[in-house]
Amino acid sequence: MAKKIVWLVFIFGLVLALYYPVLNTYFISDDFFHFKVSLTNGDFMSFVRFFGVFPFAEKGYAFYRPLFREALYSLSYTFWGLNQVPLRIFSILLHFVNIVLVYNLIEKIIGNRKVAFFSSLMFAVSTANVGILYYLAGGIQAQGATMFVLLTLLLFSKHKILAFVTFLLSLMSHEIAVVTPAIICGLMFLNKSFKIKYVLPYFLAAFVFLFVEFKIIGFSTTEVQYALNFDPRKIANTLMWYGLWSYGLPETVLDYIGPGFHINPNLMRFYGNYYKFIIPSFAISLVALVAAIRPWAFKFDRKIMFLAFWFVVGISTVLLLPMHKSTYYLSLSLPAFWALVFYLIFRNKKILVLPILVFLISLAIFTFFTVRVGSVTYWAAERGIVSKKLITELRNKYPNLPKGAVLYIKNDPTYPFISKDWGGTSKQASLVLSGSDAIELLYNDPTIQVYYEDLHGASGEQKQKIFEFEARIL
């Protein structure tokens, strides 16, 4: 027990060393939107109403995620306003809880402390956590669902009622948890204890949940990124990217890889200082990994099949969404990926020390630099800097605004032209501030009218303007 605690404290320290910039990363568009839709009338019943089911046409947003969306954002805004630090600390603490759960679950499944330690270590520090931790709005929901799913898997064998409760809580956190019944079936297959009566309530609950999502709540018909694609080639491509991201490639690499794996030269031009370490350490770690695994270790057994099944099933809800790929969806599958890697390495007591050592050292270098480049290139981190700058400058210029004020946000004339689609700084401001949401929250005034030069032009509404603000994002 003492050794386990020391290992976990060591892992927590590495997480803080790698991801401390997250604490200073400000809210962005989706956060402001979540805050806005999570406002209450100040009474308890309006808070309870968050747990009801309402059609998309009535609420203006899809998915049933009351625990880590409406409830969490409502409480955060009530107590801390637009201070991101408490919610960021909560996200880090959730990550710590999940690290402990991963360690205990993998140790229980595999029965090997080395596999449990290294699996939880890589789950903790993997570059996929850039998406999970920096993109707060989506990541914290995935973290919450992952926590409850891991608890369900840990509790299932001995505490079935409590396990079912944690499963229901996972469904109220994020829809990635809907695959839990399938993972439980895999777990029972692994333990040679499959009984349909134990898992049937989970499938029934999942069916009801999906009915609510698709038939009662519904979806926006204008959001093309949620369009399903059943093309096997697209599915295979999406699965490949999730595998590469699980290993540690930064999510933003996708933006620089063209058809036929053509690498955009801007990748090295802009971020060569990072990739001159990332590319060789990535290659060396893969070669060392292959050398560290004895050929017969690939012979299938129940543990290999379960871990591979868990990984694929864990991301199955997004495999049909090639336009909506993101590393934060890996939160549930990441433990299985690394458990499989280290199970193959440590499957026999007689291990190959040198290639394993080379693998771990090169993987450590690879992970360090991919996390660093992710922290400066990931879109949520970049937009957090912009939103903080805009909010700070706006508050400094207008400490207070009268009720119902009209605010006109202009372009910065010194900002260089990038493209028509990119627009000027007012368009970028409208994206990171979620239209008027951030400004209404900042001044606690839902009657404020906000107009953006790129969206509303320099006439019409501008004639009614009372306050002007130049959006400077550089």
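Helix 5 and helix 6 are oblique to each other, a class for angles left over once those under 35 degrees count as roughly parallel, over 145 as roughly antiparallel and 65 to 115 as roughly perpendicular. This is a predicted model in which local features need pLDDT of at least 70 and side-chain atom pairs count only at pLDDT 80 or more, while totals for chains, interfaces and linings use all residues. Residues are numbered from 1 along each chain as its sequence is written, and side-chain values use heavy atoms, with hydrogens and water left out.

**Stop 1: helices 5 and 6**

Select residues 67-80, which form helix 5, and residues 85-110, which form helix 6. Helices (H or I, at least four residues) and strands (E, at least two) are DSSP runs, numbered from the N terminus. The two axes come within 10 Å and cross at roughly 135 degrees; axes are lines fitted to C-alpha atoms, for helices over the stretch in contact, and angles run from 0 to 180 degrees between N-to-C directions.

Show side chains next. Phe-68, Leu-72, Tyr-73, Ser-76 and Trp-80 of helix 5 meet Pro-86, Leu-87, Phe-90 and Leu-94 of helix 6, where contact means heavy atoms within 4.5 Å. By class this contact has eight nonpolar, one polar and no charged residues. Ala, Val, Leu, Ile, Met, Phe, Trp, Tyr, Cys and Pro count as nonpolar, Asp, Glu, Lys and Arg as charged, and the others, Gly among them, as polar.

Stay on helix 5. Its end C-alpha atoms are 18 Å apart, which agrees with the 20 Å that 14 residues should span at 1.5 Å a residue; the expected span is 1.5 Å times one less than the number of residues. Buried residues of helix 5 include Arg-69, Glu-70 and Tyr-77, buried being under 20% relative accessible area, exposed over 50% and partly exposed in between (1.4 Å probe, protein chains only). Their cover includes helix 2, helix 3 (44-48), helix 6, helix 9 (136-155) and helix 20 (437-442).

Both flanks of helix 5 are worth a click. Gly-81 follows the helix with a positive phi, near 60 degrees. In the loop between helix 4 (56-59) and helix 5 sits Phe-63, a residue other than glycine with phi near 75 degrees. Phe-63 is buried at a relative accessible area of 15%.

**Stop 2: helices 6 and 7**

Among the residues making the contact are Ile-99, Val-102 and Ile-106 of helix 6 and Val-115, Phe-117 and Phe-123 of helix 7. The contact has ten nonpolar, four polar and two charged residues.

**Stop 3: Phe-342**

Select Phe-342, in helix 16 (residues 334-345). Phe-342 counts as buried at 1% relative accessibility. Leaving aside neighbours within four places in sequence, Phe-342 is in contact with Val-115, Phe-118, Ser-119, Met-122, Phe-359 and Leu-360.

**Stop 4: helix 19**

Go to residues 425-432, helix 19, where six of the eight residues are buried. Cover for the buried residues includes helix 2 (29-37), helix 18 (379-397) and strand 3 (406-411). Just after helix 19, Ser-434 takes a positive phi of about 55 degrees.

**Stop 5: Lys-192**

Finish in the loop between helix 11 (180-190) and helix 12 (196-217), at Lys-192. Lys-192 has a positive phi of about 55 degrees although it is not a glycine, and counts as exposed at 65% relative accessibility.
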